[in-house]
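Here is a short briefing for a first look at this chain. Keep the sequence and the 3D view open while reading.

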Amino acid sequence: GTLVLKVYYTRDTYDVEVLGNNTKAGTFTNESNTYKYDKVITLSVTTNPGYTFLGWFNGESLACENSTFTFNVDKDITYTATWEANKDTPYKVEYYFENIADSNYTVDNTLTIDKKGTTDTPTETAEVKTFTHFTFNQNKSVLDGNINGDGSTVLKVYYTRDTYDVEVLGNNTKAGTF
């Protein structure tokens, strides 16, 4: 009566692959790995400005729409953190004019244009306008760029003040000086 038969079972292991659909949109905390059956796994994301987190997807199927996703491992599976770029990310176009007293430039806030576009895509090219007594300065201007998700993109259009020669003449040098 001392004989004991023992039967041992090895717990199955499964591969969990974790992906992101856009490296600029945010980060996820868990890495792909192999786990034993029924292991509790928590995935989480942080989302960068200018993006919206859509959820954790398994192929085309939404598995969880929350930024934190906890599940038990029971099969090989791939989850993809999925973000979408915001289409209403703000950026500005500012117009700068050379000062009369020095060679610095000052923004004319009455001409500033607030625009919107899709995060991490090119801006529209800023409009070069015509102003009397000012010449567009292409070397100093930034007419296009990338729309930053944090709304920090500013296009700058610079105008140099025109200069004029003034000649003063006298009609009689004996009459006086000027």
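Does Lys-115 count as buried, partly exposed or exposed, and at what relative accessibility? Lys-115 counts as partly exposed, at 25% relative accessibility. That value lies between the cut-offs, because buried means under 20% and exposed means over 50%. The model is predicted. Its secondary structure comes to zero helices and 13 strands.

**Overall form**

- Read along the sequence, the pattern is β-β-β-β-β-β-β-β-β-β-β-β-β.
- The chain has 178 residues, and 28% of them count as buried.
- Its radius of gyration is 32 Å, whereas a compact globule of 178 residues would have one near 16 Å.
- Along the principal axes, the C-alpha atoms fill a box of roughly 145 × 30 × 20 Å.
- The chain exposes about 12400 Å². Carbon and sulfur atoms supply 47% of that area.
- Take the contacts in the chain with a separation of 6 or more: residues 24 or more positions apart account for 59% of them.

- Strand β1 covers residues 13–20 and pairs with β3 in the antiparallel sense. Four bridges join β1 and β3.
- Tyr-14 has Tyr-35 in β3 as its bridge partner.

**The three-strand sheet**

- Another open sheet has three strands in the order β2-β4-β7, with antiparallel pairing.
- At its edges stand β2 (26–28) and β7 (68–72). One side of each is left without a neighbour in the sheet, because each has a single partner strand.
- Here, neighbouring strands are turned by 15° against each other on average, direction ignored.
- Strand β4, residues 40–47, pairs with β7 in the antiparallel sense over five bridges.
- Val-40 stands opposite Asn-72 in β7.

**A closer look at Tyr-79**

- Tyr-79 lies in strand β8, which spans residues 77–85.
- Is Tyr-79 buried or exposed? Tyr-79 is buried, because its relative accessible area is 8% and the cut-off for buried is under 20%.
- Which residues does Tyr-79 contact, leaving aside neighbours within four places in sequence? Among them are Glu-17, Val-18 and Leu-19. The contacts also include Leu-43, Trp-56, Phe-57 and Asn-58. Ala-63, Phe-69 and Phe-71 are in contact with Tyr-79 too.
- Leu-54 is 25 residues from Tyr-79 along the chain, and their C-alpha atoms are separated by 13 Å.

**Salt bridges**

- How many salt bridges does the structure hold? It holds two.
- One joins Lys-87 and Glu-84, with the closest N and O atoms 3.9 Å apart.
- Lys-87 is exposed, with a relative accessible area of 57%.
- Glu-124 forms a salt bridge with Lys-115, and the closest N and O atoms are 3.0 Å apart. This is the Lys-115 of the opening question, partly exposed at 25% relative accessibility.

Conventions: Residues are numbered from 1 along each chain as its sequence is written. This is a predicted model: local features need pLDDT of at least 70, side-chain atom pairs count only at pLDDT 80 or more; totals for chains, interfaces and linings use all residues. Side-chain values use heavy atoms; hydrogens and water are left out. Helices (H or I, at least four residues) and strands (E, at least two) are DSSP runs, numbered from the N terminus. Buried means under 20% relative accessible area, exposed over 50%, partly exposed in between (1.4 Å probe, protein chains only). Contact means heavy atoms within 4.5 Å. Two strands pair if DSSP finds at least two bridges between them. Axes are lines fitted to C-alpha atoms, for helices over the stretch in contact, and angles run from 0 to 180 degrees between N-to-C directions. A salt bridge is a side-chain nitrogen of Lys or Arg within 4 Å of a carboxyl oxygen of Asp or Glu. The radius of gyration is taken over C-alpha atoms; the globule rule is 2.2 Å times the number of residues to the power 0.38. Accessible areas come from the Shrake-Rupley method with a 1.4 Å probe; for residues, only the protein chains shown count as cover.
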